[in-house]
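Dear colleague,

Please find the structure below, together with a short account of what was found in it. I would be grateful if you would read the account with the structure open.

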Amino acid sequence: MMAQDLRSFIAAYAEAHPGEVVRVTEPVSIEYDVMALVLEYERRRRYPILVFERVDGYDIPIVANVVASRRALAFALGVPESALATEYARRIKEHITT
Amino acid sequence: VKAVHVPLSGTSAFTAYVSIRQGRPGEAKHVIPIALGVDHYVKLVIVVDDDIDVFDESDVLWAVATRMQPDRDLVVISGSLGALLDPSADERGVTAKLGIDATRPFGEPFAEKLVMSPARMAWARALVERLG
């Protein structure tokens with residue numbers, strides 16, 4: 001099973017699908033910039049994971065589009081895209097108990 | 001009327017999208033038979049408000065999804081003159097016609113369409129060009 005943290009997931013996904021994780025190093029504002037970039041990629045029919053490394057006024061980066069694509073969602077569930085729907089239907093019934 | 005689009009997806013002229021700025025109640029429904037009457041090929045007319053880009057089919061379908069109520073916004077005309085080239089028409093080319101009023105109710109408060117500012121979208125376009 002894949003490590004259950006966001007950093008490991010993004011690193012593993014970037015290794016498996018180079019170019020599908022886009023790192024934005026220029027400063028962005030918290031208000032609209034993140035969504036504007038998501039919309040522009042969507043307009044181009046692209047759904048990469050976006051990592052905003054420098055957010056004005058905050059020390060914490062923003063990650064967007066984490067499972068925006070079927071490819072990323074299938075990768076997260078550890079199945080090929082063709083098996084995504086059935087795997088998703090199976091897993092959504094599995095409640096996480098704490 | 002602001003704009004009319006007869007899209008490629010309607011093959012020749014089976015579909016027409018019309019955007020209007022409504023000035024009087026009932027105008028959207030009024031437009032439907034007028035657009036259908038322009039050419040006997042026209043089979044489906046979708047009327048939208050002027051904030052919808054008729055050249056963007058996904059924008060038109062968004063208006064249908066969010067502003068159309070099937071019980072009051074569909075207009076169907078049976079047994080009308082259609083095109084022999086339409087495989088769904090009968091052997092004489094007779095077809096039904098459909099008008100969809102996907103405009104907001106006239107003169108009533110209605111949810112705003114939220115759009116990203118052109119300035120931020122221009123910034124995003126330039127950034128994507130750089131990022132690849």
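**The interface of chain B and chain A**

Three salt bridges are found by the rule across the interface of chain B and chain A (a salt bridge is a side-chain nitrogen of Lys or Arg within 4 Å of a carboxyl oxygen of Asp or Glu). In a salt bridge, the side chain of B:Arg120 meets that of A:Asp33, at 2.8 Å from N to O. By class, the side of chain B that touches chain A has seven nonpolar residues, one polar and four charged.

Please note that this is a predicted model, in which local features need pLDDT of at least 70, side-chain atom pairs count only at pLDDT 80 or more, and totals for chains, interfaces and linings use all residues. Residues are numbered from 1 along each chain as its sequence is written, chains are lettered from A and ligands numbered from 1 in the order in which they are written, and side-chain values use heavy atoms, with hydrogens and water left out.

The contact (heavy atoms within 4.5 Å) takes 16 residues from chain A and twelve residues from chain B. Between them, the two chains bury about 1,200 Å², of which 67% is on carbon and sulfur atoms; this is the accessible area (1.4 Å probe) lost on being put together, summed over both. In chain B, the residues that lose the most area to chain A are B:Met116, B:Trp123 and B:Val128, together 39% of what that side buries.

Yours sincerely

Notes: Nonpolar A, V, L, I, M, F, W, Y, C, P; charged D, E, K, R; others polar.
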